[in-house]
Amino acid sequence: MLARYLRDFCDPAFDGSSYAFRARGESGRTPTHHHAFDAIYRLKSAHPKRDLYVAECDIRGFYDTVDLQVALDSLERTENHMHCLKPELTLHPRAKQIFRAYLECYTFPRNVLEEATPLLRREHANGEFPWPEDALRKHHANPRSAAIGVPQGGALSCIIANLVLDLADKRVRAVQEQFRDQIQYFRYCDDMILLARRESHCREAFQAYLNALDELKLPYHSRTTVSDYDKSFWAAKSKNPYCWTGRKGSGCVPWVQFVGYQVRYDGLVRIKKKSLEKQIMKLRNVTDHVKFGLGCKPGTHGLAAPPSVPAHKDQVMLSLLWRLVQLGVGKVRLKYREQGPQRLCWAGGYKALHGKPLVPQMLKSLDRQREQQLKRMDQAQIAYLLKNVDTINGTMPEDLRLPDNTEFLTIE
């Protein structure tokens with residue numbers, strides 16, 4: 001309830017360049033990462049032959065490096081901004097109290113480094129939780145004794161991201177207003193991208209963003225200067241301005257990436273490699289869940305002690321097929337099938353691909369992996385219920401008859 005209250009109260013004060021965890025706007029639309037990608041795509045499609053300069057920055061472990069006082073100051077700054085916009089609105093004191101309590105209940109040095117690390121090392125002798133302690137020394141004399149880090153995955157975590165980084169958004173906005181429409185800036189949580197017609201404009205806006213991060217005591221990945229377009233380009237987290245173009249040469253790059261989407265200078269679209277790998281792993285995990293749940297021993301194609309599975313093989317294969325397809329397009333209700341893919345599925349996560357030219361190998365690889373998982377399941381040696389056994393009339397052979405209390409496999 002507090003997260004919803006703070007989102008609705010603070011959202012009008014946030015800059016329009018932020019696309020994560022926003023409230024529904026006056027147009028009735030809630031900004032999402034799909035809209036950010038569409039804006040980038042339209043920007044390039046409008047002038048496909050025009051070169052643009054791009055800069056990117058990624059914060060190192062954002063939630064684990066937020067200074068608690070900075071978060072409190074950010075809420076106060078946003079409250080003051082809202083008072084200027086709508087003097088009749090006042091942030092409830094109880095909201096401030098709960099927000100402060102939420103921040104004070106957790107710090108990364110105390111809850112993770114001191115309490116969780118010893119538990120981790122009981123299982124892994126050299127295990128540790130990654131934390132950019134050296135980078136934090138730029139802003140904290142002793143990071144381990146400072147109040148740093150906010151809980152991840154909590155209802156208020158997403159609000160904290162917008163509260164803190166709104167300062168950076170407004171610093172970039174000031175540079176945008178100076179050069180008018182020459183600069184485009186998009187941020188989704190702690191990921192950002194800058195696009196400009198001139199390299200000098202891009203550098204100035206990028207430096208304004210980095211200066212804001214220093215003011216917010218947030219460490220970021222070292223900036224890489226792009227010279228040759230190769231594998232190292234995708235490995236770099238933060239990049240100094242480079243040229244997004246179809247030309248060849250030093251500092252020229254044909255692709256840009258933001259929130260999982262990749263778009264080429266000529267409008268061709270694809271999904272980043274890691275996103276495809278995650279989806280392929282999900283297909284395999286679902287298959288393993290069914291396969292080993294029916295008694296197949298991990299690492300083998302057979303059974304240690306084969307039980308009789310109370311379902312036909314065709315039923316199991318069909319059920320698995322439906323589940324794998326569901327991962328791709330979700331559960332589409334026939335009554336509302338015109339709505340397209342549902343939210344919690346791969347297609348719903350990348351619905352901005354619709355109507356755009358795609359790299360065909362991307363979708364074909366997912367189809368091949370689905371067929372491969374079905375083949376794995378088909379080859380598994382599992383003792384299924386025989387198809388020609390008439391269990392209804394009680395004519396099952398004595399050696400295959402199941403106990404009266406057997407729970408049959410439910411096929412959705």
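I began with Cys 202 in this predicted model, and I find that Cys 202 is buried, its relative accessible area being 0%. Cys 345 I also note as buried, because its relative accessibility of 10% falls under the 20% cut-off. A search of the whole structure for disulfides returned zero.

I then turned to the aromatic rings, for which I count 14 pairs. I list Tyr 261 as buried at 1% relative accessibility, and Tyr 350 as buried at 15%. Tyr 350 also pairs with Trp 346, this time in a tilted arrangement with 5.2 Å from centre to centre and 40 degrees between the planes. Trp 346 is itself buried, at 11%. I record one aromatic cluster made of Phe 37, Tyr 41, Tyr 261, Trp 346 and Tyr 350.

Next I checked for charges over rings, and found Lys 44 over the face of Trp 244 at 5.0 Å from the ring centre, as well as the charged end of Lys 239 over the ring of Phe 233, 4.8 Å from its centre.

Last, I looked up the confidence: the chain has an average pLDDT of 87, and 87% of the residues score at least 70. Residues 301-306 have pLDDT below 50, with 16 contacts in the model beyond near neighbours in sequence. Residues 390-397 also stay under 50, with nine contacts beyond four places in sequence.

Methods: Residues are numbered from 1 along each chain as its sequence is written. This is a predicted model: local features need pLDDT of at least 70, side-chain atom pairs count only at pLDDT 80 or more; totals for chains, interfaces and linings use all residues. Side-chain values use heavy atoms; hydrogens and water are left out. pLDDT is the predictor's confidence in each residue, from 0 to 100. Contact means heavy atoms within 4.5 Å. A disulfide is a pair of cysteine sulfur atoms within 2.5 Å. Buried means under 20% relative accessible area, exposed over 50%, partly exposed in between (1.4 Å probe, protein chains only). Rings of Phe, Tyr and Trp (its six-membered ring) pair if their centres lie within 6.5 Å; planes under 30 degrees apart count as stacked, over 60 as edge-to-face and the rest as tilted. A charge sits over a ring if NZ of Lys or CZ of Arg is within 6 Å of the ring centre and within 35 degrees of the ring normal.
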